[in-house]
Structures are given as structure tokens and as C-alpha cells.
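Keep the 3D view open and click along as you read.

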Amino acid sequence: KNNGDFWLTGSQMFHLMKNVSESLAGRVGVINMLGLSTSEIGGYKGTPYKTDFKILSDKFDIANKQGLKEIYDRIFKGSMPALYETNQDLEMYYSSYVNTYLQRDIKDLTQVGDELSFMRFMTCCAARTSQMVNYADIAKDVGISPPTAKQWLSILVSSGIVVLVEPYFNNALKRIIKSPNMYFLDTGLCAYLTRWTSSETLEVSAMSGAFFETYVVSEIIKSYYNAGKRPPIFYYRDTDNKEIDLIIEQDNILYPIEIKKSGSPKRDAIRHFGVLEKTGKQIGTGNVICLCSDVMPIDKTNYFVPVWLI
């Protein structure tokens, strides 16, 4: 109630924000706190992700180097703080989390009248993490209408379960696809909903690459939120099947990022970065985030980056 007070709340934000908007408009700042980031778990200070070679190199000595097994153990476990305080059964933990979320957070919302259908909807979205949103397909699989699918997805976004990465828009880019990409912000929850039983089975599965990309995107988003900044990220895809996984836009400069689940991706991973030249904006340092062991140059302005550096 005094200037400088901090209120740390739980996961339920809907009624809190309603009351805030009614009584404290313009007098309160809200900081979104997602699950633990890799830097928080590792015990070192994280910063908003930058593609710059020097910044990445300076971080190299303090970050915890991880191999394929450690990365997928982390992906499978997720980011919930309680899981890093005590040893818990992951399936039981996430089962309780989902039940609590449905019964406490969602049941109070008039838009959702059928908890079982909403659970199917969440599972359907989890199976589509790192994919472009298609409301008609999701609605068909769940047995709801496309407008309901859109409404329910907005609930997942508002409650911090899912993030939508919008396509990068520029008047000079005439052939872009305008649907957003969808990512779960907690890979552990996503793995639970899609019923993987271990990090080993997840790593060799058909969804392995989707989870790897989801993990990278969620970590980059956390790096901005943890600094109190809005993540300036987009993606690119056009009707010619040219795609860039992420674009960070800062100070009118575009920084392209490709994400590859490979220890030695090919140099042509950056082949689509050039499409951004049509925007007329400056193109900054590009990254290919992958499973390599060191920051390595691809050419004069692009680098392979180990995933544990994000």
C-alpha cells in the first residue's frame, strides 16, 4: 500500500488483474514471472539474449556446459521452481498442477464450461508446440468450434501457459504468412500433456526437434522477462517456404536466429537470412542455436551457438 511495495502472487492472475485495473490503474507495474531459466538454475546472472559474438563469448566461462542428455533432462523436467527444491515425481507434480489449474483458474471463467474438453484442448495444443496456429485443425481434433478454439487459446496465453510468436511484418515483404507460431512456455508441462515418460524417449521421438525449438524460444523469452523487458521477437515464413525461426528486432536492426537440434548443423542453415534484406533495415549478427560445443563462426556475421549459452 506504500510506494515501493511488492506483492508476489501465485499462478492465478485473472481476478487479480481485474481488481488491479479497477483500483490501481496507472499506479501499478506488473512483472510476468515465468518458470526458472537456465541461468537461474545454474546460479548465474542472466541477461536478455543477444546474438553478439563478444557477449556470447563472455558468457561462455560462467554458463554450465551441457550435453545432449543434460539438455533433454532439463527439457523433460521443465521449469517449475518446486521441482528444483525437492525431489518429486514429475508425473504426479504435473498432474496436480493441471488439475489445480483447471479447477481453480479455469473453472471460474465463464468461457469454459467443459473441463474435459478444455483438457483435450490443452493436450492438442501441446502436441502442436513450435507449429503455426491453425484454429480449424485444433477445433476439429478437440470437437469444438474455431471461435471457441481461438478463445481458449487466448486463455492459455493470458495465463502464461503458451506464447504466440507473431510473424515479422514489413510493407516490403509481400508474401509472408500471417499466422502466429505457438510455443509452450514450460517444456515439462508440455511433455506431461503429450505423455512422454522419460527424457530418453522424448529425445529420440518424432517431437524431439519441436521440444528443442520450444525450449530455446522459451529461454530467450524468459531472458527478456527476467530483465523486465518485453521480448522483441518475431518469426518469418513466406509462401515460398522460406523460414527464419526467430527474429529479434532492436533499434531498427534485425537479428535472425535459426534453431537446429544438431551437433554439427550445415552452413546452409542461414540460407534464408538474406530475405530480410528486402525490408530495407540493417541486418545484425545472426545465430544458429544448436548442440555444438563452442561459439563458432559460419561467416563474417553469423555464428553457431551452443544451446546452453542461451
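First, a rule for rings: those of Phe, Tyr and Trp (its six-membered ring) pair if their centres lie within 6.5 Å, and planes under 30 degrees apart count as stacked, over 60 as edge-to-face and the rest as tilted. By that rule, ring pairs link Tyr93, Tyr94 and Tyr192 into a cluster.

This is a predicted model, so local features need pLDDT of at least 70 and side-chain atom pairs count only at pLDDT 80 or more, while totals for chains, interfaces and linings use all residues. Numbering runs from 1 along each chain as its sequence is written, and side-chain values use heavy atoms, with hydrogens and water left out.

**Aromatic pairs**
- Searching the whole structure turns up eight aromatic pairs.
- Phe53 and Tyr303 are stacked, because their ring centres are 4.9 Å apart and their planes sit at 20°.
- That pair links distant parts of the chain, 250 residues apart: Phe53 is in helix α3 (residues 53–60) and Tyr303 in strand β10 (residues 302–306). Helices (H or I, at least four residues) and strands (E, at least two) are DSSP runs, numbered from the N terminus.
- Buried means under 20% relative accessible area, exposed over 50%, and partly exposed in between (1.4 Å probe, protein chains only). Phe53 is partly exposed at 36%, whereas Tyr303 counts as buried at 14%.
- Phe121 and Trp152 pair up edge-to-face, with 5.7 Å centre to centre and 75° between the planes. Phe121 belongs to helix α6 (residues 115–126) and Trp152 to helix α8 (residues 146–158), 31 residues apart. Both Phe121 and Trp152 are buried.

**Nonpolar cores**
- A nonpolar core is a set of buried Ala, Val, Leu, Ile, Met, Phe, Trp, Tyr and Cys residues joined through side-chain atoms within 4.5 Å.
- The largest one has 69 residues, and Tyr49, Phe118, Phe121 and Leu156 touch the most other members.
- Helix α11 (residues 208–225) gives the most to this core, with eight residues.
- Another core, of 16 residues, lies apart from it and includes Ile176, Ile270, Val275 and Ile298.
- In soluble globular proteins, nonpolar side chains tend to be buried together.

**A charge over a ring**
- Lys77 lies over the face of Tyr84, at 4.2 Å from the ring centre. To qualify, NZ of Lys or CZ of Arg must be within 6 Å of the ring centre and within 35 degrees of the ring normal.
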